[in-house]
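I opened the notebook to look up a few things in this structure. The entries follow below.

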Amino acid sequence: MHQLVLSVPNISCGRCVEAIQEEVGLVAGVHAVTVDLATRTVRVDGDADRAAVVAAIAEAGHQVA
Ligand SMILES: [Cu+2]
């Protein structure tokens, strides 16, 4: 089991959190997605490809720092 922690500085509200959780949750190999609004980080547990997770976050309208 791998874990990715990505910094996403423009997360600003609960809707951002929901959008990212939804998109990243669709990525193959993702077991859990935790979006922390306070620290503006996205933690992904599972065996997902980093590039695929970054693309999903972009799909939700956000950029990984
Ligand atoms: Cu928002």
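Which residues have the most contacts inside the largest nonpolar core? I noted that this is a predicted model, where local features need pLDDT of at least 70, side-chain atom pairs count only at pLDDT 80 or more, and totals for chains, interfaces and linings use all residues. Residues are numbered from 1 along each chain as its sequence is written, and side-chain values use heavy atoms, with hydrogens and water left out.

Core. I found 19 residues in the largest nonpolar core, and those with the most contacts inside it are Ile 11, Ile 20, Val 24, Val 30, Val 42, Val 53 and Ile 57. Such a core is a set of buried Ala, Val, Leu, Ile, Met, Phe, Trp, Tyr and Cys residues joined through side-chain atoms within 4.5 Å. Buried means under 20% relative accessible area, exposed over 50%, and partly exposed in between (1.4 Å probe, protein chains only).

Cys 13 is partly exposed at 31% relative accessible area, whereas Cys 16 is buried at 9%.
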